[in-house]
Amino acid sequence: MGSCRGKRRGKNEMSTLESPHTLRVTGDVPQAVALAFLKGEPRENVYLISRIWQSGMTDTLDASHGSFLGAFDDDQSLRGLCFMGNGGTLVLSVDDPWVAGTFAEPLAERGFPFSLCVCENTASRVFLSAYKKVGGPKPLMDRRQPYYILDASSLAKRGVKELAVEQASLDSIDELTEMACAMVAEDFKLKNQAVNRSQYRSRMTDKVMGGRAFLSRDDDGRAVFKCDFAVLGPYGGLMEGVFTPKSDRKNGIATRAIWSLCRDLLGEGEVPFITLHVDARNKAARRAYEKVGFQQAGDFRLILMPARHS
């Protein structure tokens, strides 16, 4: 899923362990201030920038939106943002890793449980340690996710053969849902029947309606590749949900499809860059992205928490 884009002022490791300032955490964050903070590193904050541009800072209870907390220092400078998505996704963006820990207690006190957290690598460890101290549950999964960025200048110019990629339509919902469920079951080592199909059908429907889901088919019309975007627009793209059925792997389909799609999106000039993060252990996927031209820009963590209870 989507992701935190951490901005770091200093590289002193002590700043990850100590809180040199007392910060004021509040839900009253001016939109202009939030955007100025995030635009300091727009490629690392594409997800949060898109949330604000599309829906503002006020929680509309829309499934794709949520609410924000901001951490301010004594000079009234914004040091970090915490986005609490209505779907259970927590995204943190901070200018120093220690700032992430500031959000743990307010989250616990205000009763904002989450099921998925994406954050810069060091900051996520600081946050998770602080969250545990205030009674937060132990994560079910906590893994490193290298963060990649692609733009028109880094896109591979040769060496990859084109593959037709179509923008998914509502007629493709069943195919997309089955592939999404298979991907989640494989990624999180679940039995296929344990994945909530109605939930993923709803998610894929939303992405199709937003023009953010894509497919490639073989000569028989069978879907052999899918990917979708958490966000896609003039503020950038965040690719996710990349999946090729096991029977169709090891023949370059994913590399060709991703290259062809990214070439078209970047070539149209409406998307300035495309980002993604991937499991550090998935060497095959990382090779495919790097062959397309994606360049690693840092490390994030993906943290999966126990199911939320209302």
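## Burial of helix 2

Helix 2 is mostly covered, with 7 of its 10 residues buried (under 20% relative accessible area, with exposed meaning over 50% and partly exposed in between, for a 1.4 Å probe and protein chains only). The buried residues of helix 2 are Val46, Tyr47, Leu48, Ile49, Ser50, Arg51 and Ile52. Helices here are DSSP runs of H or I with at least four residues, and strands are E runs of at least two, both numbered from the N terminus. Just after helix 2, glycine 56 takes a positive phi of about 75°.

This is a predicted model, in which local features need pLDDT of at least 70 and side-chain atom pairs count only at pLDDT 80 or more, while totals for chains, interfaces and linings use all residues. Residues are numbered from 1 along each chain as its sequence is written, and side-chain values use heavy atoms, with hydrogens and water left out.

## Packing of helix 1 on helix 2

Helix 1 (residues 31–38) packs against helix 2 (residues 46–55) at an angle of about 155°, and their axes are 10 Å apart. Axes are lines fitted to C-alpha atoms, for helices over the stretch in contact, and angles run from 0 to 180 degrees between N-to-C directions. That angle makes helix 1 roughly antiparallel to helix 2 (over 145 degrees; under 35 is roughly parallel, 65 to 115 roughly perpendicular and the rest oblique). The crossing of helix 1 past helix 2 is left-handed, a term used if the near helix is turned anticlockwise from the far one by less than a right angle, whereas clockwise is right-handed.

In this contact (heavy atoms within 4.5 Å), Gln31, Ala34, Leu35 and Leu38 of helix 1 meet Leu48, Ile49, Ile52 and Trp53 of helix 2. The residues of the contact of helix 1 with helix 2 comprise 7 nonpolar, 1 polar and no charged; Ala, Val, Leu, Ile, Met, Phe, Trp, Tyr, Cys and Pro count as nonpolar, Asp, Glu, Lys and Arg as charged, and the others, Gly among them, as polar.

## Packing of helix 5 on helix 6

Helix 5 (residues 173–187) and helix 6 (residues 197–209) pack at an angle of about 125°, with axes 9 Å apart. The two helices, helix 5 and helix 6, are therefore oblique to each other, and their crossing is right-handed.

From helix 5, the residues Ile173, Asp174, Leu176, Thr177, Glu178, Ala180, Cys181 and Val184 meet Arg197, Tyr200, Arg201, Met204, Thr205 and Val208 in helix 6. The residues of the contact of helix 5 with helix 6 divide into 8 nonpolar, 2 polar and 4 charged.

## Aromatic pairs

A search of the whole structure finds 8 aromatic pairs (rings of Phe, Tyr and Trp, the last by its six-membered ring, with centres within 6.5 Å; planes under 30 degrees apart are stacked, over 60 edge-to-face and the rest tilted). Phenylalanine 68 and phenylalanine 83 form a tilted pair, 5.0 Å centre to centre with 55° between the planes. Phenylalanine 68 lies in strand 2 (residues 66–72) and phenylalanine 83 in strand 3 (residues 78–85), so the pair ties together parts that are 15 residues apart in sequence. Both phenylalanine 68 and phenylalanine 83 are buried.

Tyrosine 289 and phenylalanine 294 form an edge-to-face pair, 5.8 Å centre to centre with 70° between the planes. Tyrosine 289 and phenylalanine 294 are both buried. Ring pairs also link Tyr47, Phe68 and Phe83 into a cluster.

## Positive phi in loops

Glutamine 76, although not a glycine, has a positive phi of about 65°. Glutamine 76 lies in the loop between strand 2 and strand 3 and is partly exposed, with a relative accessible area of 48%.

Lysine 250, also not a glycine, has a positive phi of about 70°. Lysine 250 is placed in the loop between strand 10 (236–243) and helix 7 (253–267), and is exposed, with a relative accessible area of 90%.
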